Amino acid sequence: MNTPNSRRLKGHGDFEGVVREVDLDARRFEIRGRGASSGMRYIDEPIYDGKIVAMLNAAVRVNGSYEAAADEQPRLVRVEQITVPRAPDQQLEVGVE
């Protein structure tokens, strides 16, 4: 019988993107961009309380373990480390003349 494969794959990796959405109550955020073009959800740890809002619109690199659907695309990442290369207000250098 042909039945869809509903198993979940697990792995570990690094993902880069821009923090575009933050849910403080659920301790989740979403990034979009390279490695997460359609957007990926992340579960953060208490050590990031008060910091994740400051990362809104910042380019970040997230390292963590993930769960992927049958198509092997990561859908949910448990954050182990977040790296912010530069503060959001310093990431875009626009010259005004």
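Modeller: A salt bridge here is a side-chain nitrogen of Lys or Arg within 4 Å of a carboxyl oxygen of Asp or Glu. This is a predicted model, in which local features need pLDDT of at least 70 and side-chain atom pairs count only at pLDDT 80 or more, while totals for chains, interfaces and linings use all residues. Residues are numbered from 1 along each chain as its sequence is written, and side-chain values use heavy atoms, with hydrogens and water left out.

Colleague: Fine, how many salt bridges does that rule give?

Modeller: The count comes to six salt bridges. In one of them the side chains of Glu45 and Arg78 meet, at 3.2 Å from N to O.

Colleague: Which residue does Arg61 pair with?

Modeller: Arg61 forms a salt bridge with Glu16, with the closest N and O atoms 2.7 Å apart. This pair links strand β4, which holds Arg61, to strand β1, which holds Glu16, across 45 residues. Arg61 is partly exposed at 40%, and Glu16 is partly exposed at 22%.

Colleague: What does the strand pairing look like around Glu16?

Modeller: Glu16 stands opposite Arg61 in β4, and β1 and β4 run antiparallel, joined by ten bridges; two strands pair if DSSP finds at least two bridges between them. Five bridges join β1 to β2, which also run antiparallel. Those two strands form a hairpin with four residues between them, and Arg27 in the turn has a positive phi of about 55°.

Colleague: Switching to the rings, how many aromatic pairs are there?

Modeller: The structure holds three aromatic pairs, where rings of Phe, Tyr and Trp (its six-membered ring) pair if their centres lie within 6.5 Å, and planes under 30 degrees apart count as stacked, over 60 as edge-to-face and the rest as tilted. The rings of Phe15 and Tyr42 have centres 6.5 Å apart and planes at 65°, so this pair is edge-to-face. Phe15 is buried at 9% and Tyr42 is buried at 0%. Phe15 also forms an edge-to-face pair with Tyr66, at 5.7 Å centre to centre and 85° between the planes.

Colleague: Which residues make up the aromatic cluster?

Modeller: Phe15, Phe29, Tyr42 and Tyr66 form one aromatic cluster.

Colleague: Last topic, what about the largest nonpolar core?

Modeller: A nonpolar core is a set of buried Ala, Val, Leu, Ile, Met, Phe, Trp, Tyr and Cys residues joined through side-chain atoms within 4.5 Å. The largest one has 15 residues, and those with the most contacts inside it are Phe29, Tyr42, Val60, Val62 and Ile82. Strands β1, β2, β3, β4 and β5 each supply at least two residues of this core, and β5 gives the most, with three.

Methods. Buried means under 20% relative accessible area, exposed over 50%, partly exposed in between (1.4 Å probe, protein chains only).
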